[in-house]
Amino acid sequence: MSTTPIPKPAAPRLESVDLLRGLIMVVMALDHVRDFYHTGSIHGVNPLDLATTTPALFFTRWITNYCAPLFSFLAGTGTYLAVLRGKPKRELSWFLVTRGLWLIFLELTLLTWFGWQFEITPTDYILATLWALGWGMIVLAGLIHLPFPAIVAISLTMIAGHNALDAIAPASWGAAAPLWQVLHAGGDFHLGKAAVQAFYPLIPWPGVMAAGYCLGSVYAWTSEKRRRWLFAAGWTATIGFVALRFSNLYGNTFPWAAQKSPLFTLLSFLDCRKYPPSLDYLLMTIGPGLLFLGWFDGRTVPAWLRPFLVYGRVPMFYYLLHIPLIHAGSKLMSLIQFGGGDYNAILSSGPPPPGAGIGLGATWLVWIALVAALYLPCRWFANLKRRRKDAWLTYF
């Protein structure tokens, strides 16, 4: 009789997590399509400026607030799920460090040069989503070796306490002002000849990822206990957002105020600071995310939502494809409209001519077409990852 041990089958993927991740990846693309196509964005109209926006434009931008925090949060959850599947923490730390460095490299080179800019410019750097995710993974690589209560305490302190640092101005750091901009304040600065745009200052993003890692522990519980906890935590965070935001005391750098109508007052209430992510912003986004996970936990995903699972299983592949595709389409639009140029809200080739861009309804149609075009490539890559276990595939 053979004594060769039978390999333990891989644990099935959690469809509730994949579904939420897929939905936020699809919604994220709406924001980037708006940046590159919408006439208001191209001409510098702030969709959150209550003096100039419309409810439709406001919510087109606002709904995408859910993407970055939930993506970072779920990245942490996925890390803990790897622990539950038996991956040694030493091996997991190495993976987190190397993948984090890989994401930072992609952000500063390939994604900037062939996604956001379509030009190799070694003196221009954008510190955005992959930058923050990469550093979050590097920090988490160390945190996972601490006692679990310490990880909980550190993550919640970063999330709840970082707004106490808002009053610290970069200028107070003197020559080290760019370091504070990278860590918390954000904004543009120069390092020698290099121009840097710190869209995603780091604090508290590692705390968000670490909180997601802590959430992963509930997936070792029974489904009934887990669902109760997810609903309780989700409602606590959501109600906490409403109460804290209503107070105007803490958790956001600008207060809400009564506006010209109840609807616009609601918009003012919902407009929470994203760069860096305020406590109000994180409660507003992660709370409903937890409720979503609770609702779909253990449920069969309905047929009309199952396509979103495909995007959720290969989020990095989707992310790296969608930005170049969006930018290429916008350049084609400029070529058709004006015979050339590159007019968008990210890195425009110059002042946009009158009439540049398309309306909001057409922008939504471009978004739907883009997401549909990415479905087959994403399904192919998801099937490839399922069939093969090559180490390089885990980095995408």
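Reader: What volume does the largest cavity have?

Author: About 50 Å³. Bear in mind that this is a predicted model.

Reader: What makes that space a cavity, and which residues line it?

Author: A cavity is a space where a 1.4 Å probe fits but cannot get out. The structure holds one such space of 30 Å³ or more. Its lining is made up of Ala 68, Ser 72, Thr 129, Ala 132, Leu 133, Tyr 200 and Trp 205. Helices α4 and α6 each supply at least two of the lining residues, and α6 gives the most, with three. By type, the lining splits into five nonpolar, two polar and no charged residues.

Reader: And the second largest pocket: what makes that a pocket, and how much space lies in it?

Author: A pocket is an open set of points, whereas the probe cannot get out of a cavity. About 960 Å³ of space lies in the second largest pocket. It has 43 lining residues, and Asp 31, Asp 35, Arg 61, Phe 199 and Tyr 275 are the closest to its centre. Two or more lining residues come from each of α1, α4 (67-84), α6 (129-143), β3 (194-198) and α14 (315-338). Helix α1 gives the most to this lining, with seven residues.

Reader: Why is Met 25 called buried?

Author: The cut-off for buried is under 20% relative accessible area. Met 25 has 2% relative accessibility, so it counts as buried. This residue lies in helix α1. Leaving aside neighbours within four places in sequence, Met 25 is in contact with Phe 71, Pro 315, Tyr 318 and Tyr 319. Its C-alpha atom is 9.9 Å from that of Leu 70, which is 45 residues away along the chain.

Reader: Which residues touch the most other members of the largest nonpolar core?

Author: Leu 130 and Tyr 318, out of 102 residues in that core. Helix α1 (residues 15-37) gives the most to the core, with 12 residues.

Reader: What does Leu 130 touch, beyond residues up to four places away in sequence?

Author: Leu 103, Ile 104, Leu 106, Glu 107, Leu 111, Met 316, Tyr 319 and Leu 320. There's also a second, separate core of 10 residues, with Trp 131, Phe 189, Val 196 and Leu 202 among them.

Reader: Which residues of helix α11 are buried, and what do they pack against?

Author: In α11 (residues 262-270), the buried ones are Phe 264, Thr 265, Leu 267, Ser 268, Phe 269 and Leu 270. They pack against α3 (55-62), α10 (223-247) and α12 (279-296).

Reader: How do you know that Cys 67 is too far from the closest cysteine sulfur for a bond?

Author: A disulfide needs two cysteine sulfur atoms within 2.5 Å. For Cys 67 the closest cysteine sulfur, in Cys 378, is 15 Å away, so that is too far for a bond. Cys 272 is in no disulfide either; its nearest cysteine sulfur, that of Cys 67, is 15 Å away. By this rule the count comes to zero disulfides.

Note on methods:
Residues numbered from 1 in each chain as written. Predicted model: local features only at pLDDT ≥ 70, side-chain atom pairs only at ≥ 80, totals over all residues. Heavy atoms only, no water. Core = buried A, V, L, I, M, F, W, Y, C linked by side-chain atoms within 4.5 Å. Buried < 20%, exposed > 50% of the residue type's maximum accessible area, 1.4 Å probe, protein only. Helix = DSSP H or I, 4+ residues; strand = E, 2+ residues; numbered from the N terminus. Contact = heavy atoms within 4.5 Å. 1 Å grid on protein atoms, 1.4 Å probe; cavity = no way out; pocket = protein on both sides within 12 Å on 5 of 7 lines; lining within 4 Å. Points joined across faces, edges and corners; volume = space filled by probe spheres on them. Nonpolar A, V, L, I, M, F, W, Y, C, P; charged D, E, K, R; others polar.
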